[in-house]
Amino acid sequence: MGDCLIVGGGVIGLSLAYELSRRGMGVTLVEQGEWGGQASSAAAGMLAPLKEFTAPGPMLDFGMTSLAYYPQWAQELEEFTGGDVQLSLEGLLTVALDDGEQAQLAEKFRWQKDAGHSVHFLTERQQLAEVEPLLTDKAQAAIYSPYEGHINNRMLLRALVTACKLQGVVLHSGCVVSGIAVKGGKVVGVDSSLGPLRAAHTVITSGAWAGVMLDLLGVSVPVRPVRGQIAAVSSVGIPLRTVIFGTTGYVTPKKDGKIVLGATEDESGFQREVTMAGLASILNGVMPYVPALHSAAFLEAWGGLRPATADGKPLLGPVPGWEGLSIAGGHFRNGILLSPATAKWMADYLEKGEREQLAPFLPARFVTEENVSAHKMG
Ligand SMILES: Cc1cc2nc3c(=O)[nH]c(=O)nc-3n(C[C@H](O)[C@H](O)[C@H](O)COP(=O)(O)OP(=O)(O)OC[C@H]3O[C@@H](n4cnc5c(N)ncnc54)[C@H](O)[C@@H]3O)c2cc1C
């Protein structure tokens, strides 16, 4: 029986498997499809807590901590695996095109500045053009955040798989988990298409399917899929330097010759195809910010399922009432950003029982031990 069995090989499962194995634990990781083949490869790879979190609080703190982990996390992964992950923390702009948007940005800038974050409020045309020459001259103002950025999430996933292999993690892709195994009131592993898999501790990292997985035990957690449709164009002839966010879309210049354009947020169950309406809204949403995109060569569009929770915060830590079972999921729009901190904090819990950092995110806010006991009895 291994130390830890992790169910779901997206960025969260892979990062946790890597971190636990680095700490000397025996880890098995199972994935029903390809490594990172769901939300984690669909993402734009932005690392942007100051843009994403609209108020001070635990989510912003979590995001800033994870961003701060990234340079060393990425460097160690690159050195260990020999693979590039194209981390780029060279700044991003959140842009206002009219007075209403400018007032909202000014308000956001005020609390961010008061909290000591490194941000600048740009209102002069020349300042804006210096940061990004291809930004529309209709931009009225922008928050410039010089230390946020992006990573090539598909290369990150490949590096994590390699790192797990090198660390001796037992990896099973194409392995569908169909049941959670219980003995003496304790979770002892899972039943899968490869047969029974047993471990001292099981961690559910199955993204948008985390709710489906815990339903197998009669535990109800509010995780649902929120589709994101997203597209890429060629950067040939469009030397964009900076990530640009607007109210109707975002533009991310990658180091691999692509500019990633995003993204819709629509509820379609577990369907992840790209619709005509979705694609139209992405393309129409980004061109006002970078007019040069009108002539860009279209490359591809794809979709993915963000794991959303009822209160917008992830679920991290033990599942009440079920010894031997934890969850790390529900990272919604920010799982790539939050993966290093999730891996370290979950590993601190699994290795040493430390829970302080997990406190705002514990599943106990949705699942009580009493509910679980009642279900077990009845
Ligand atoms: C369009 C889009 C853009 C995004 N952009 C960003 C961004 O810029 N920055 C950012 O930080 N985040 C972004 N995100 C969010 C990010 O992608 C997610 O938060 C993150 O990938 C979640 O990771 P995960 O490992 O929990 O889920 P997933 O990557 O979905 O992995 C879960 C895995 O569990 C597996 N699984 C499910 N059920 C079973 C089963 N029964 N047996 C075995 N395996 C199973 C699935 O096959 C899947 O591979 C974006 C998401 C989308 C869709």
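Predicted model: local features only at pLDDT ≥ 70, side-chain atom pairs only at ≥ 80, totals over all residues.
So, Asp 348: buried or exposed? At 11% relative accessibility, Asp 348 counts as buried.

What does Asp 348 pair with? Its side chain meets the side chain of Arg 23 in a salt bridge, at 2.7 Å from N to O. That pair links distant parts of the chain: Arg 23 sits in the loop between α1 (11-22) and β2 (27-31), while Asp 348 is in helix α10 (residues 335-352), and the two are 325 residues apart. Arg 23 counts as partly exposed, with a relative accessibility of 24%.

Asp 348 has another partner. Lys 352 forms a salt bridge with Asp 348 too, with the closest N and O atoms 3.7 Å apart. This one stays local, if you like: Lys 352 and Asp 348 both lie in helix α10, four residues apart, or about one turn of the helix.

Now zoom out a bit.

Arg 333 and Glu 52 meet through their side chains in a salt bridge, 2.8 Å from N to O. Arg 333 is in the loop between β18 (325-329) and α10, and Glu 52 is in helix α3 (residues 49-52), so this pair ties together parts that are 281 residues apart in sequence. Glu 52 is buried, at a relative accessible area of 16%, and Arg 333 is partly exposed at 33%.

While we're in that loop, have a look at Phe 332. Phe 332 is also found between β18 and α10, and it has a positive phi of about 45° although it is not a glycine. Phe 332 counts as partly exposed, at 25% relative accessibility. Gln 86 is another non-glycine with a positive phi, of about 50°. You'll find Gln 86 in the loop between α4 (58-81) and β4, and this residue is buried, with a relative accessible area of 12%.

Okay, helices next. α1 packs against helix α7 (residues 153-167) at an angle of about 35°, with the axes 9 Å apart. The crossing of α1 and α7 is left-handed. On the α1 side, the contact includes Leu 14, Ala 17 and Tyr 18, and on the α7 side Leu 157, Leu 160 and Cys 164 are among the residues involved. What is that contact made of? Ten of its residues are nonpolar, three are polar and one is charged.

On to the sheets. There's an open sheet of eight strands, in the order β5-β6-β4-β13-β14-β15-β12-β16, and its pairing is mixed. Which strands stand at the edges? Those are β5 (120-122) and β16 (298-309); each has a single partner strand, so one side of each is left without a neighbour in the sheet. From one strand to the next, the twist averages 20°.

The partner of β16 is strand β12 (residues 223-234): the two run antiparallel, joined by eleven bridges. If you want a spot to look at there, Pro 225 has Pro 307 in β16 as its bridge partner. Toward the other end of the order, helix α5 (residues 99-114) lies across β4 (92-96), β5 and β6 (141-145), and runs at about 30° to β6.

Strand β10 (residues 186-192) is mostly covered, with five of its seven residues buried. β10 pairs antiparallel with strand β9 (residues 177-183) through six bridges, and Val 182 stands opposite Val 187 in β10. The hairpin of β9 and β10 has two residues between the strands, and Gly 184 there takes a positive phi near 60°.

And β10 pairs with strand β11 (residues 195-204) as well, in the antiparallel sense over four bridges. Here Ser 192 stands opposite Gly 195 in β11, and the hairpin that joins β10 to β11 passes through two residues.

That's the tour, so over to you.

Notes
Residues numbered from 1 in each chain as written. Heavy atoms only, no water. Buried < 20%, exposed > 50% of the residue type's maximum accessible area, 1.4 Å probe, protein only. Pairing = 2+ DSSP bridges. Salt bridge = Lys/Arg side-chain N within 4 Å of Asp/Glu carboxyl O. Axes fitted to C-alpha atoms, helices over the stretch in contact; angles between N-to-C directions. Left-handed = near helix turned anticlockwise from the far one by under 90°. Contact = heavy atoms within 4.5 Å. Nonpolar A, V, L, I, M, F, W, Y, C, P; charged D, E, K, R; others polar.
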